[in-house]
Amino acid sequence: MTSDATTLQLSRTDARRLAVRAQLPCRPRPDDLLEVVRTLTALHDDRTAAIAPSADLVVWSRIGSELDREALADAVAEQQLVDLRGIIRPVEDVALYRAEMQQWDDGAGFTGWRAVHRDWLDANESCRRDILERLRQDGPLTSRELPDTCEVPWRSSGWNTGRNVALMLDVMSRTGDVAVAGRDGRDRLWDLADRVYPDEVVPAEQAVRIRNERRLHALGIARAKGPACPAEPNDVGDQAGVAAVVDGVRGTWRVDPALLDGDFAGRTALLSPFDALVFDRKRMAELFEFDYQVEIYKPAAKRRWGYYALPILHGDRLVGKVDAAADSSTGALRVNAIHQDVPFTKALSTAVRREIADLARWLGLRASYVD
């Protein structure tokens with residue numbers, strides 16, 4: 001790693017190690033759930049449970065089987081963490097989104113998906129009021145317990161047909177009207193946001209700057225600009241961190257200088273398909289040169305790696321995938337295949353199987369390998 005007056009010069013190894021060090025799948029393992037989430041800043045709350053919900057898998061990847069399986073759900077229920085727009089965040093970070101929520105009051109300047117959602121909310125103001133009144137009287141409630149009095153149904157190609165209330169709650173969470181107060185099984189429990197969120201509001205411009213800085217600290221290295229994203233962006237703006245270029249990769253990156261110093265102590269880890277190390281598929285391909293995609297929606301015959309394959313991290317490289325599924329009826333974590341992107345040494349094979357055993361132990365299952 002070298003630098004000139006303005007731009008760092010990184011090798012791909014340097015860049016990968018920045019990313020891995022920022023995301024914590026290193027030695028020694030952290031042991032504090034809340035500190036892990038504060039460092040990562042955002043856990044995608046995908047509920048696909050072929051093995052376990054993604055957010056739970058992410059924290060297991062860092063902490064290991066010592067993690068209480070209910071710890072994440074308990075922290076959300078106790079409002080130490082919050083589910084904001086399908087992302088689990090530290091409750092104190094909500095203050096960084098309140099000013100943005102207030103901008104939805106008039107929707108001035110909204111374009112794209114924001115304008116579509118704002119117009120649909122305006123067309124169904126009576127339904128919005130009905131939901132707020134019901135929550136005021138009886139909340140927290142699941143979406144199934146709330147009235148669908150929409151005058152204008154959501155225009156859907158089929159995927160969201162009949163889901164007016166769920167979509168209304170999603171938009172109302174963006175306006176700061178409602179918030180997730182916990183879960184009833186797989187269902188979110190919704191309540192008035194004022195009962196869930198702290199009162200603090202960070203001014204909008206300052207909040208965006210802080211969010212970008214925190215996101216860069218969590219990612220280690222990221223692009224300044226990326227596609228607009230309704231959930232958690234992959235970019236960090238052109239003011240966070242310092243500029244860097246990576247050998248063999250086009251364009252300029254932003255790097256958190258606080259992560260440049262220190263030894264790298266990588267290990268072997270199994271990652272959720274929605275883990276931040278692989279979630280930005282473009283960054284993953286550019287820095288890790290790893291070929292991967294989630295194959296949940298593919299027909300079985302067209303899957304290369306499996307329904308819910310877990311990327312394998314070894315040191316600063318992504319080296320393969322584990323195709324596994326949890327089967328509580330038989331008490332087994334069924335391992336269908338271990339796909340090797342590079343030839344595994346005996347030590348690497350042992351390390352991968354050790355992580356599989358730890359995952360099974362955390363799930364309360366036994367590891368079972370399909371021949």
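## Reading helix contacts and a buried loop residue

Visitor: Which residues of α3 meet which residues of α13?

Guide: Asp56, Leu57 and Trp60 in α3 meet Glu355, Asp358, Leu359 and Trp362 in α13, where contact means heavy atoms within 4.5 Å. These residues divide into four nonpolar, no polar and three charged. Here Ala, Val, Leu, Ile, Met, Phe, Trp, Tyr, Cys and Pro count as nonpolar, Asp, Glu, Lys and Arg as charged, and the others, Gly among them, as polar. This is a predicted model, in which local features need pLDDT of at least 70 and side-chain atom pairs pLDDT 80 or more, while totals for chains, interfaces and linings use all residues. Residues are numbered from 1 along each chain as its sequence is written, and side-chain values use heavy atoms, leaving out hydrogens and water.

Visitor: At what angle do the axes of α3 and α13 cross?

Guide: Axes are lines fitted to C-alpha atoms, for helices over the stretch in contact, with angles from 0 to 180 degrees between N-to-C directions. For α3 (residues 54-63) and α13 (residues 346-363), the axes come within 11 Å and cross at roughly 125°. That makes α3 oblique to α13; under 35 degrees is roughly parallel, over 145 roughly antiparallel, 65 to 115 roughly perpendicular, and the rest oblique.

Visitor: Is Asp93 buried or exposed?

Guide: Buried means under 20% relative accessible area, exposed over 50%, partly exposed in between (1.4 Å probe, protein chains only). Asp93 is buried, at 9%. Asp93 sits in the loop between β5 (87-90) and α5 (95-102). Setting aside neighbours within four places in sequence, Asp93 is in contact with Thr41 and Arg214.

Conventions: Helices (H or I, at least four residues) and strands (E, at least two) are DSSP runs, numbered from the N terminus.
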